[in-house]
Amino acid sequence: MTERIDVGLIGATGTVGRQLARQLRNHPWFRLAQVAASSASAGLAFGAAVVDDIDDAESAFGSELLDLPLREPADIWEPKLLLSALPSAVAGPLEIELAERGHLVVSNASSHRMDPDVPLIIPELNPDHLELVDRQRWRGGLVTNPNCSVVGLAVALAPLHLAFGLDAVSVSTLQALSGAGRPGPSAGAMVDNVLPHIAGEEEKLACEPQKILGTLAGSTVTPAAFRVSAHTHRVPVSHGHLQAVSVRLRQRAEPDAVAAVLAGFKGALGDTRLPSAPAKVIELLADDNRPQPRLDRDRGDGMTVSIGRVRRCEVFDVKFTLLVHNLVRGAAGAALLNAELCRSRELTEQVGAR
């Protein structure tokens, strides 16, 4: 890309919004020009809304962003491309309204992920699903990224689905505190404790991977035909979702063959170069004590999925452990990478002109 374009950020003061603001600083393709938060924050400078929680806000965000005024989410926006870090409870109707106005909305919210005409994208896995935007009913468009745990799971499953086929998946997640957003569980609730239920997470793990790994057919996606059973837990870790995964393959394979397929996965982007894409989509770790959140979550600037302990499963075929940085690859980085994919396919120039 020869020039940067202006983008807007909705939900800028939340956990994911702040991470997106950090990653947009000095971005080679995008310039953060407008920001919005809740109606209660409208009129405040972005810096005034975040400075109390961050030791060095200027270092994290840059002085220009700190001075940007926070807008109402439903205000008139100048940039064509809007990144949405809104809570799902409020994202649904607003994102449709903005798409109807002619904006391309790239959303981290779950509100429209399973809508038949809305692509659920991980660029290295299913960039072809972006064609659904051309078939949407709005002047603009809407693109979504998956749930923070689903991103890691789908990245791990994709090469296995291509090489061997998938029949069934069992996954147990150990999810970091930052995945709960603001405010999350109290510190007292998490001392010497694990929460055995995260509302809505198991349902997302059970259906989103199949859409991502499904086949684009006409104006919709035919989901991949495998089943997922999920258990989710909140653990006292700051960042990084760890997952224990067992898979039943349609074509039986030894653990060494599965490990080789995972280690060799290059993704579906081909020659497309996106600024936030990691050099390695998957990094396979040999040590039996890896991956670990504290040691491995920042691989590939937080965009690499780390996998270890690939071994035979006594019930299914193969089992392994994976780690995904929930705020970066699982949320803010996922949305930003989708925005980059849209720009590389010139969707940012096409929306609003239909």
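Q: What makes the pair glutamate 208 and arginine 113 a salt bridge?
A: Their side chains meet with N and O 3.1 Å apart. A salt bridge is a side-chain nitrogen of Lys or Arg within 4 Å of a carboxyl oxygen of Asp or Glu, so the pair qualifies. Glutamate 208 lies in helix 8 and arginine 113 in the loop between strand 5 (104-107) and strand 6 (141-144), so the bridge ties together parts 95 residues apart in sequence. Helices (H or I, at least four residues) and strands (E, at least two) are DSSP runs, numbered from the N terminus.

A word on the source: this is a predicted model, in which local features need pLDDT of at least 70 and side-chain atom pairs count only at pLDDT 80 or more, while totals for chains, interfaces and linings use all residues. Residues are numbered from 1 along each chain as its sequence is written, and side-chain values use heavy atoms, with hydrogens and water left out.

Q: Why is helix 6 called oblique to helix 8?
A: Helix 6 (residues 148-163) and helix 8 (residues 201-212) pack at an angle of about 40 degrees, with axes 9 Å apart. Angles under 35 degrees count as roughly parallel, over 145 as roughly antiparallel, 65 to 115 as roughly perpendicular and the rest as oblique. That angle therefore makes helix 6 oblique to helix 8. The axes are lines fitted to C-alpha atoms, for helices over the stretch in contact, and angles run from 0 to 180 degrees between N-to-C directions.

Q: Which residues make the contact of helix 6 with helix 8?
A: Helix 6 brings Cys148, Ser149, Val150, Leu153 and Ala154, and helix 8 brings Glu201, Lys204, Leu205, Glu208, Pro209 and Ile212. Contact here means heavy atoms within 4.5 Å.

Q: What makes arginine 250 and aspartate 167 a salt bridge?
A: Their closest N and O atoms are 3.7 Å apart, which meets the cut-off given above. Arginine 250 lies in the loop between strand 11 (241-249) and helix 9 (255-263) and aspartate 167 in strand 7 (residues 166-175), so the pair ties together parts 83 residues apart in sequence.

Q: Is arginine 250 buried or exposed, and how do you know?
A: Buried means under 20% relative accessible area, exposed over 50%, partly exposed in between (1.4 Å probe, protein chains only). At 51%, arginine 250 counts as exposed.

Q: Why do aspartate 296 and arginine 299 get their labels?
A: Aspartate 296 has a relative accessible area of 0%, so this residue is buried. Arginine 299, at 22%, counts as partly exposed. The side chains of the two meet in a salt bridge (2.9 Å, N to O).

Q: How do you know whether glycine 11 is buried or exposed?
A: Its relative accessible area is 11%, so glycine 11 counts as buried. Glycine 11 is found in the loop between strand 1 (5-10) and helix 1 (15-24).
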